[in-house]
Amino acid sequence: MKKIFLSIALLSLAASCNDYLDIKQEGYTEAASFFKTQEDAIQATSAIYSFLRSWENSAFPYQFVFGVPADDVVKGSNPGDASFINVYDNFTYTVSDEGIRGYWIGQWQGLNSCNQVITNVPKIDMDSALKTRLVAEAKMLRAYLYFNLVRIYGGVPIFDGLQSNYKVPRNSVEEVYNFIISDLTSAAEILPQTYPASDLGRVTKGAALGLLAKVYLYKKDWQKAYDTSNQVMAMGYDLDPDFNHVFRPSGEFGKESVFEVNCDCIPPLKGSQYAEVQGVRDQFGWGFFTPSNSLENAFEPGDIRKELTILRNGETTPEGDLIAMGDAQSVTTYNQKVYVPKALNKSACGYGSIQNIRILRFAEILLINAEAANELGNTSVATTNLNRVRTRAKLAGTTASTQIALRAAIWNERRVELAMEGDRFVDLVRTGQAATVLAPYGFKTGKNELFPIPFDAITESAGVFTQNPGY
């Protein structure tokens, strides 16, 4: 199956959110001498996708803010390796922490590339339909990056295109969400439902609507979350009957995939380190960001997802690999969702470089629809869609029958279905559970719902930015 191979970013970072992001990188081309031809437009749009699989967006910084602070992920590895990660597990990070800074930078670099396309591609003399589609792709990806920022840092500046002045105050959370909704709505009107094999991996109408449904979920706009997820459910997606297959290379871009980051090892590009940093310690990878005991205990008896999510030292995988970690001091369980069978790895790149990153699956669309339906009082629909997910996991239908009981059941189903996929911490915050569930880890209500704005971003703003409460 042919994939789009994402080029090294081609654009100057000169138009970034803050001066400290104005970093010239080797191999970059100034925008002023670019954006001349249709091929330039295609390459510039493809370059945005490369940020989604970058170190900041798929490896350590990403896991620092979306992974470790939750109760389903622990630092992993051995106790002495990268002990600085522990601050994310006990909520003692500061405004100067490099992970917080790294994730912030990664989003703004990607956003700048989106705005380069949105501003410059319309000026190119090229196929008009392709031009319109490329701008829609950039808007969809811009919305996704802003969604990341607003969930982690709260309100941030909105830049609709390239700016002459980037030292502007933070917009409110509501304003950022409205901007995201505008971008996704606009993109969904243009993007196709499918692409030819040569463009596999580009965002689709379903991806835009699926992300829009999730945004409405976060806003607690239950009717729109319900209606929009229904649109996605009518577009031909379905659950893969084999939960293990969903996360293997052969399951990439299958019928369950709504939004997925395309990765591969095509020298000189090195794919993603998403799987490598989580791979079995001293066998496949580094052994970080591993399942917690709390996650193990969250699975019901008989749930097949438990052993297909948690990879154990000494087991033999369904694909025939014996798991034999090489570090006796390491944790002994790992994230099986990122496991890539040994026979499929490419020696030119690190372990698991071909592993795609699943951002939005149809299973989550069903759970979004179920949660929204339940909040609207439609327990019948909520139960039906919740049970579709449970049936795939070889579980009986839910016994919850009241709105309150169904709410708890849906929240727990999200936890076990989406385990280790970066949703648990932000789910705990959005549902109001963080104060209780994460208190034993050091979570402070009124502070740790958000991460701090990085110290140098505050400094470079020349007093324009305000810091989040408690930092």
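## Inside the fold

Mentor: Start with L311, which sits in strand β4, residues 310–312. Keep in mind that this is a predicted model. Is L311 buried or exposed? Its relative accessible area is 2%, so L311 counts as buried, the limit being under 20%. What does L311 touch, once neighbours within four places in sequence are set aside? The contacts are V280, T317, I323, T332, T333, Y334, Q336 and Y339. For a sense of distance, take I100. L311 and I100 lie 211 residues apart in sequence, and their C-alpha atoms are 28 Å apart in space.

Now widen the view. In soluble globular proteins, nonpolar side chains tend to be buried together. Here the largest nonpolar core holds 139 residues. The residues with the most contacts inside this core are W104, M140, Y146, Y153, I180 and F259. Helix α6 gives the core its largest share, 16 residues.

Look at M140 in more detail. Beyond its neighbours within four places in sequence, M140 contacts L184, A187, L191, V203, A207, A208, L211 and F259. F259 is itself among the core residues with the most contacts.

Next, the gaps. Rolling a probe the size of a water molecule over the atoms shows where empty space is left. The model has six cavities of 30 Å³ or more. About 270 Å³ lies in the largest cavity. Its lining has 21 residues, and Y62, Y144, R151, I359 and E421 are the closest to the centre. Which elements give two or more residues to this lining? They are α2 (55–58), α3 (60–66), α6 (128–153), α8 (205–219) and β6 (357–361).

Last, an open space. The second largest pocket has a volume of about 390 Å³. Its lining counts 21 residues. Nearest the centre of this pocket are Q193, L200, T204, Y237 and S257. Strand β2, residues 257–261, gives the largest share of the lining, with four residues. By class, the pocket lining splits into ten nonpolar, seven polar and four charged residues.

Definitions and conventions
Residues are numbered from 1 along each chain as its sequence is written. This is a predicted model: local features need pLDDT of at least 70, side-chain atom pairs count only at pLDDT 80 or more; totals for chains, interfaces and linings use all residues. Side-chain values use heavy atoms; hydrogens and water are left out. On a 1 Å grid over the protein atoms alone, a cavity is a set of points where a 1.4 Å probe fits but cannot get out, and a pocket is an open set with protein on both sides within 12 Å along at least five of seven lines; lining residues have an atom within 4 Å of a point. Grid points are joined across faces, edges and corners, and a volume is the space filled by probe spheres set on the points. Ala, Val, Leu, Ile, Met, Phe, Trp, Tyr, Cys and Pro count as nonpolar, Asp, Glu, Lys and Arg as charged, and the others, Gly among them, as polar. Buried means under 20% relative accessible area, exposed over 50%, partly exposed in between (1.4 Å probe, protein chains only). Contact means heavy atoms within 4.5 Å. A nonpolar core is a set of buried Ala, Val, Leu, Ile, Met, Phe, Trp, Tyr and Cys residues joined through side-chain atoms within 4.5 Å.
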